[in-house]
Amino acid sequence: MSDSGAGMVSWVLNGDPVESPAGMTILEAAKAHGAELPHFCYHPGLSIAGNCRICLVETNRSPKPAISCSERISDGLEVQTHSEKAVEAREGVMEFQLINHPLDCPVCDKAGECTLQDYSFDHGPDESRFVEKKNIRHTKDLGPTIKIWGNRCIVCTRCIRFCDEISGTGELCVVARGDRSVVDVFPGIPIDNPLAGNVVDICPVGALISKDFMFQSRVWNNEHTETVCGGCARGCNVTVETNEGFVKRLMPRENTDVNDWWMCDFGRYGWRYAHDDRRVSVPRRGAEAVETELEAHRDLGELVRGAWGGSKKVAIVVDPFLTCEEAHLVGRVAAGTGATVGGWLPPSGDELTFPGKFKISGEKCPNRRGVEAVLGQEVFGSQAKAVESMLNSGGVDLVIVFAGFPNADCPDALASAVGKATARVAFTLFDGAWSEAADLVLPSASVFEKEGTYVNEDGRLQRVRSKDRPGDAQLAQPGLHSASISSPWVTSELVALQRALVHVGDAERSLSAAGVFRQLADSNEHFKGQSHRGIPATGVPLGGLAPAGVGEGSES
Amino acid sequence: MGHDAHAEPEKKPGKLGLLGKAYLPAIAQGLLHTLGHIVKWDHNTLNYPDEKRAPFPGYRGEHRLTRDEQGREKCVACFMCSTVCPAHCIEIVAEEAPWPDREKRPKIFNIDMMRCIYCGMCEWACPCEAIELTEVFNIPVRTRAEKIYDKERLLSN
Amino acid sequence: MMEWFAENPVLSGIIKAVVLFAVPMQIVPGLIYFERRICAWIQDRKGPNRVGPIGALQPLADVVKLLMKEDIAPKGVDRAIYVLAPALVFIPSMLAFAIVPVGMDLQVFNPNSGVIFAITIGSFAVYGLSFGGWASNNKYSLLGGLRSSAQMISYEAALFLALMSALMMAGTVDLNVVVRDQIAHGWNIWRQPVGAVLFLVASFAETNRLPFDLAECESELIGGYHTEYTSMKFAMFFLGEYIAMITMSALMVTLFLGGWSMPTFLLTIVHDWFGVAISFDQVTLGTMFWSIVFFSAKTSALLFLFIWVRWTLPRFRYDQLMRLGWKVMIPVALANLAITATVIVLMED
Ligand code: SF4
Ligand code: SF4
Ligand code: SF4
Ligand code: SF4
Ligand code: FES
């Protein structure tokens, strides 16, 4: 946005002389100096439209108030954000915005995070002078996942600009004129692009509603967990919103290095597997459920102890949903037992890049690079082949399989090999060929229940968090993943592997994910100097890892 | 008060005689007082099931979900009542309403009457006059579960 | 009659024992009923009036309720002591009642040690309370038990000293003689006012009644030593408390209020109304009957006082209780005893 180079501009904000880089708009520069200005149509990720006029401020440049979202700062500019004129102007705009707005808040899903509500409270008049009949606009489906309540639309055109600029699909447009204008799709062309869900997030009011979240909960009741999406290797930063232990929706979190302000619909709506009734929720020996998870972990420890010291032939199959911490623990088990570690990947999808630079990775797993960084570049490549032939040739004493795939089918060469070799221990989300014959089946944690770190395809280390474990102790839905996690700080694989190591005598006690990460940072050059606490909210690029998929051995 | 007492220790009402220190006069006084109450023979108790007091206006008893002219619940599942409820005893699950004039309605609407403190805040918060407190206060049950009223029960109250 | 008793010691013993057990047990429900009614009246309420005419069967309903209640023993209790404790409260109060002459020369048994026996056996109740508190495995119970033992030991001393002053007037521990002495010389309450007040106060403390019910004060200790008791075990504690109350009233009546006797002007009234002449010179059935009536009337009045005080006075603080016991009651009782002794010796001279 700044075309005037590195020059600084001196200007006056509410009487205080301040300096800002040239080329900034008043709104952005004021925000940088701590003065938030209201805005509907302005969005940092979209072009400037300047049509809502709620951002009016008084300047010394013109007798009329200026729209701060498009007016740029210049030397000698004096801005009053709360002068009588500015306040009156905003109040007038607010009154106009509310003229035809329905009193829908009680049934509107935006209520609680609605900017119109907030600004009406902060800047609007106390009461309406509008006694005429409000006009009615359409309420209809715009696409398979999105519905519009036209009455609530303030025609800020954010959604339209998104479809034009970011997804590049341009499904939306404004129809009709004056106070009847409203957002619509072209006849027969629904909005169904892979980024469609974002228009709901950026709609400042409750006009666009996601049918997935519609009426599911009131937003103020949701608990927020800042984590990353597990849908693909992109690792979009998201906030998982849960209510009473149930995932309600995923919202993108701003990270201009990864996903800007957006996320794709695959990730957004792809959380339901975590609440699937078919999930493996209790540990079991063969078909018989194990009384307590502790007992199951002791079983695991017993098996690992039997193979400790390299006397037996051990194979470990890892999945790319493991966190770096869990991979580290797998590495310790492998080192102690002399196991061969290979990995399997879910089938890859299409890689998509959008005009707005947003990218969906074709690799449908979150942490291949992290697991590689911990367990070696060849885990999913030649190592996988080695494990496969080892299993196919038979004579393997202990196989530990990790299958945290969010769906039950994983058509990989290794899958059939594991199935053939009668896995002895399987960590799994869903039952598959590998778990049906297993001696010990342990529930995996879903991405929403993990605590640790992921490395995305660019080699960026990011935190995965689970504040409220979905489905934890939810009596309303028996059979749900519940008993397998003992504390909110750790995940089942993390706990199980550590308990096994304690059982063997290789570890003194179980640590939190942060503690395991400390061990990892001490022992692995890629992670040197990192710590959970030191990772910023938007992640940190990992040293020694090449960005964006160039030259890893496994890809070949 | 305590501060004043420190400032003027002389004013302490502690100068009792020997008899007073033995509490005996005060005890006798108290005994006479209570005896007076026995003798007065003025009993405020109502013989409850036989005699009933008309509830005071604004009495806050068990809840009712109100109905509109067509007999449908007025509630639009806005969660205002459950949000304001200080006892967190209202559980609502919303669903899409099948009616053209309304978008949302409660699929589940439970109030845990054992947890409710009958403060009436839900009634105040409701934008649709869909919930109100009645004068009913005497519905005994045998299990706690029966005191968790569901939508049907609340509509019929 | 008296001869028959003397001739059939075994049979008469059994009869007496049964009466001893039955009489207080019958009085207790009534007492509970009256306590509830009186407390209600004091508080301008009506009290229990639903079961039976004027609610008179309420105690019966209570008994049924107590019997039907689930008998729960919490985890970690010391079983044997836990079960023993209620009996240890109940039995001593009952036994102490045995030596009180409820009518002219009418007592279940009359040991040489006389009233000393009653006091000694009565003190055993403290074991029940402290055992109950100890065995319940509950901090409130333990505190209650501790409090009750400290309290009862403290007030036992005052009680005994006050009682001594009355006994010294008659120069014997035989309660019948004490009563006869009062017939001859006037009630001890006039001759020993200080002793009487001390005895009364100490007996409130001994029975754990308000204002001295710190062992079970519900606002601090839930239920004190009986927090963890339910059903009949709780009822035993309950019974024990009320029987102790009856025993203490009876002792008080005997020692200070002329026992089964009556002042002459009242005897005249009885003579005028009922046409019976009563003389306490010899034991006849009529005199016996009237002496029982007198004794019961006085005891009832005292029981009413117990109830009346309970619903009037607030509870003491524990330090106040201890201060009153050790710093006031015992010195005063000792002084009273010393003065009494001096006066008696001087008068004999
Ligand atoms: S868009 Fe905002 S102001 Fe309008 S009904 Fe919804 S919550 Fe209320
Ligand atoms: S639907 Fe929402 S985002 Fe789109 S123009 Fe209307 S208010 Fe703006
Ligand atoms: S009366 Fe008060 S406590 Fe009861 S449901 Fe309403 S708001 Fe909650
Ligand atoms: S406040 Fe009223 S309309 Fe809203 S959920 Fe409660 S009862 Fe229903
Ligand atoms: S935010 Fe400036 S005009 Fe809309």
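Predicted model: local features only at pLDDT ≥ 70, side-chain atom pairs only at ≥ 80, totals over all residues.
Let's count Ala, Val, Leu, Ile, Met, Phe, Trp, Tyr, Cys and Pro as nonpolar, Asp, Glu, Lys and Arg as charged, and the others, Gly among them, as polar.

Start with how the chains meet. There are 2 pairs of chains in contact, and chains B and C share the most contacts. Chain A and chain C, on the other hand, do not touch: their nearest C-alpha atoms sit 25 Å apart.

Take the B–C contact. Chain B puts in 18 residues and chain C puts in 15 residues. Between them, chain B and chain C bury about 1600 Å², with 63% of it on carbon and sulfur atoms. On the chain B side, the residues that lose the most area to chain C are B:Leu31, B:Ile38 and B:His43, together 31% of what that side buries.

Now for chain B against chain A. Here the contact takes 12 residues from chain B and 12 residues from chain A. About 990 Å² is buried between chain B and chain A, 64% of it on carbon and sulfur atoms. Which three residues supply more of the area that chain B buries against chain A than any other three? They are B:Glu96, B:Glu103 and B:Lys104, and they supply 50% of it.

Chains A and B also come together around the largest pocket. Strand 13 (246–252) of chain A gives at least two residues to its lining, and so do helix 4 (80–84), strand 2 (90–96) and strand 3 (104–112) of chain B. The space in the largest pocket comes to about 1200 Å³. Of the 34 residues lining the largest pocket, those nearest its centre are A:Asn243, A:Glu244, A:Lys248, B:Ile92 and B:Val93.

Next, the cavities. The count comes to 10 cavities of 30 Å³ or more, and the largest cavity has a volume of about 250 Å³. It is lined by 23 residues, and closest to its centre are C:Ser93, C:Gly122, C:Ala125, C:Glu206 and C:Ala244. Which helix of chain C gives the largest share of the lining of the largest cavity? That is helix 12 of chain C, with 7 residues. Other helices of chain C that each supply at least two residues of this lining include helix 4 (79–97) and helix 7 (139–170). By class, the lining of the largest cavity has 13 nonpolar, 7 polar and 3 charged residues.

Finally, a couple of helix pairs. In chain C, helix 10 (residues 193–206) and helix 14 (residues 285–310) cross at roughly 65°, and their axes come within 12 Å. That crossing of helix 10 and helix 14 of chain C is right-handed. C:Leu200, C:Ser203 and C:Phe204 of helix 10 make the contact with C:Leu302, C:Leu305, C:Phe306 and C:Val309 of helix 14. By class, this contact in chain C has 6 nonpolar, 1 polar and no charged residues.

In chain A, helix 8 (residues 324–337) packs with helix 14 (residues 513–523) at an angle of about 65°, the axes being 9 Å apart. The crossing of helix 8 and helix 14 of chain A is left-handed. Among the residues that meet are A:Cys324, A:His328 and A:Leu329 in helix 8 of chain A, and A:Val516, A:Phe517 and A:Leu520 in helix 14 of chain A. The contact of helix 8 with helix 14 in chain A has 6 nonpolar, 3 polar and 2 charged residues.

Conventions
Residues numbered from 1 in each chain as written. Chains lettered and ligands numbered in written order. Heavy atoms only, no water. 1 Å grid on protein atoms, 1.4 Å probe; cavity = no way out; pocket = protein on both sides within 12 Å on 5 of 7 lines; lining within 4 Å. Points joined across faces, edges and corners; volume = space filled by probe spheres on them. Helix = DSSP H or I, 4+ residues; strand = E, 2+ residues; numbered from the N terminus. Axes fitted to C-alpha atoms, helices over the stretch in contact; angles between N-to-C directions. Left-handed = near helix turned anticlockwise from the far one by under 90°. Contact = heavy atoms within 4.5 Å. Buried area = accessible area lost by both parts, 1.4 Å probe.
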